[in-house]
Amino acid sequence: MNQTKLVLGAAAAVAMCAGGAAHAARVGVFIGPGYYDGPVVPAPYYYPPPVIAVPVEPSPPAEYVERGEPGQADGVWYYCDAAKRYYPYVKDCSSGWREVPARPQ
């Protein structure tokens, strides 16, 4: 009797798989339109941070100002009695500088 039940059960399983009832049951996971008809909310889009370009102006060219020798603008030269020479040929004078009216050479 057990063997008969086993054969009948196997035959019923084969008949159900071969028949259209098994395909119409719709058991499982379905992917595609119509499965979920609720509102679809798209994922938020994050914009990249803004790029701020600041124009850089080139710096003005370096300005060099020549300094004249002391006393040239006002017509006075400085003479060192200890070295017996004029400034700028002598940088230090132990006896002190003496102002002399400038004369062209």
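Analyst: Start with Arg98. Its relative accessibility is 40%, so Arg98 counts as partly exposed. That class lies between buried, under 20% relative accessible area, and exposed, over 50% (1.4 Å probe, protein chains only). The model is predicted: local features need pLDDT of at least 70, side-chain atom pairs count only at pLDDT 80 or more, and totals for chains, interfaces and linings use all residues. Residues are numbered from 1 along each chain as its sequence is written, and side-chain values use heavy atoms, leaving out hydrogens and water.

Arg98 has a charged partner. Its side chain meets that of Asp81 in a salt bridge, 3.0 Å from N to O. Strands are DSSP runs of at least two residues, numbered from the N terminus. A salt bridge puts a side-chain nitrogen of Lys or Arg within 4 Å of a carboxyl oxygen of Asp or Glu. The whole structure has one. Asp81 is partly exposed too, at 38%.

Now the rings. A search of the whole structure finds four aromatic pairs. Rings of Phe, Tyr and Trp (its six-membered ring) pair with centres within 6.5 Å; planes under 30 degrees apart are stacked, over 60 edge-to-face, the rest tilted. Tyr45 and Tyr47 pair edge-to-face, 4.9 Å between centres and 85° between planes. Both are exposed. Tyr87 and Trp97 are also edge-to-face, at 5.7 Å and 90°. They lie ten residues apart, Tyr87 in the loop between E2 (85–86) and E3 (97–101), Trp97 in E3. Tyr87 is partly exposed at 26%, as is Trp97 at 33%. Elsewhere, ring pairs join Trp77, Tyr79 and Tyr86 into a cluster.

Terms used. Helices (H or I, at least four residues) and strands (E, at least two) are DSSP runs, numbered from the N terminus.
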